[in-house]
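Please read these points with the model open beside you. They go from the whole chain to single residues.

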Amino acid sequence: MRKNIVAGNWKMNKTLQEGIALAKEIKASLSGKTPKCEVIVGTPFIHLASVCEELKDSVIAVAAENCADKPSGAYTGEVSAAMVASTGAKYCIIGHSERRTYYGETYEILRLKVRLALENGLRPIFCIGETKDERQAGRQNDVVQAQLEGSVFDLAADEFGKIVLAYEPVWAIGTGLTATSDQAQEMHAFIRSLITKKYGKELSEDTSILYGGSCNPSNAKELFAKPDVDGGLIGGASLKAGDFVAIIDSF
Ligand code: PEP
């Protein structure tokens, strides 16, 4: 049975001290509660070890926002999946549209990152989604299908089973424009149908598919009520403990 998940993505925000303070605040807000979903915070690399330490006895898991496409070696400034795993992080966001757009991450680069994350025991949170132009041209299904086929659909079933997918329409990220719950449901059902064709019904029913794109405490409940929306990947609203916890409480 698939899990509901609310995952934060802090992006390039918060100094180390601010990040630790935010992690503490989220932990305090959830203490004594049993969230009805898995809770993950995705932090910049330099925060990972400290945030993992801060959250080690809590219900909150930690994700990196990226990892290198090489296992180790002379790649100045890069951070490997093995290094991420050594901090105690359990997840790694891969394929965020900001990485695809600003850092030229291709299907093949992302394919390598997904494999390295899995080899190092990390669960990828693999992001897919179309741009505004692609949606206006009615190409959203083709785009999402190509992103899956280009980077994750050649995984063996047991490896694919470790992946969490996040559907994030690029036009909704950080813009305040949210996909309607019907648009999200339609795409999530399409994604699940592709997984069924590729890996069979059981695995597709077990795959968590998160929605991301201006999700906030006011719209989360309606989005999460849709049968194929298994939670959210939250950017801006994950930077305030109160908003992030309110989204978690939407379940
Ligand atoms: C994201 O970047 O993953 C995201 C969903 O951002 P926001 O919630 O700010 O739109």
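**Notes on the model**

1. Contacts along the chain. This is a predicted model. In the protein, 72% of the contacts with a separation of 6 or more are between residues 24 or more positions apart.

2. Overall make-up. The protein has 12 helices and eight strands. Its radius of gyration is 17 Å, close to the 18 Å that the globule rule gives for 251 residues, so the protein is as compact as a globular protein of that length. Along the principal axes, the C-alpha atoms fill a box of roughly 45 × 45 × 35 Å.

3. Burial and surface. Of the 251 residues, 51% count as buried. The accessible surface of the protein is about 11,100 Å², and carbon and sulfur atoms account for 52% of that surface.

4. Charges. The protein has 28 positive and 32 negative charges. The mean position of the positive charges and that of the negative charges lie 2 Å apart.

5. Glu38. Where is Glu38 placed? Glu38 is in strand β2, which covers residues 38-43. Glu38 counts as buried because its relative accessibility is 18%, and the cut-off for buried is under 20%. With residues up to four places away in sequence left aside, Glu38 touches Lys3, Asn4, Ile5, Val6, Ala61 and Tyr91. With Tyr91 there is also a polar contact of 2.7 Å between the two side chains.

6. Leu116. Helix α5 (residues 107-119) holds Leu116. The relative accessibility of Leu116 is 10%, so Leu116 counts as buried. Not counting residues up to four places away in sequence, Leu116 touches Ala68, Asp69, Lys70, Pro71 and Ala81. Phe251 is 135 residues from Leu116 along the chain, and the C-alpha atoms of these two residues are separated by 32 Å.

7. Ser97. Ser97 belongs to helix α4 (residues 97-102). Its relative accessibility is 12%, so Ser97 is another residue that counts as buried. Which residues does Ser97 touch, not counting residues up to four places away in sequence? They are Val170 and Ile173.

8. Thr196. Thr196 is part of helix α9, residues 181-199. Is Thr196 buried or partly exposed? Thr196 counts as partly exposed because its relative accessibility is 27%, and that class lies between the 20% and 50% cut-offs. Leaving out residues up to four places away in sequence, Thr196 touches Lys201 and Ser204. The side chains of Thr196 and Ser204 are joined by a polar contact of 2.7 Å.

9. Positive phi in two loops. Most residues other than glycine have a negative phi. Lys11, which is not a glycine, has a positive phi of about 55°. Lys11 sits in the loop between β1 (5-9) and α1 (16-30). Ser214 is also a residue other than glycine with a positive phi, here near 55°. The loop that holds Ser214 runs between β7 (209-212) and α11 (220-224). Ser214 has a relative accessibility of 18% and therefore counts as buried.

Definitions and conventions
Residues are numbered from 1 along each chain as its sequence is written. This is a predicted model: local features need pLDDT of at least 70, side-chain atom pairs count only at pLDDT 80 or more; totals for chains, interfaces and linings use all residues. Side-chain values use heavy atoms; hydrogens and water are left out. Helices (H or I, at least four residues) and strands (E, at least two) are DSSP runs, numbered from the N terminus. The radius of gyration is taken over C-alpha atoms; the globule rule is 2.2 Å times the number of residues to the power 0.38. Buried means under 20% relative accessible area, exposed over 50%, partly exposed in between (1.4 Å probe, protein chains only). Contact means heavy atoms within 4.5 Å. Accessible areas come from the Shrake-Rupley method with a 1.4 Å probe; for residues, only the protein chains shown count as cover. Lys and Arg count as positive and Asp and Glu as negative; His and the chain ends are not counted. The place of a charge is taken as NZ of Lys, CZ of Arg, CG of Asp or CD of Glu. A polar contact is a pair of N or O atoms within 3.5 Å; within protein, one must be able to donate a hydrogen and the other to accept it, and residues adjacent in sequence count only if both atoms are side-chain atoms.
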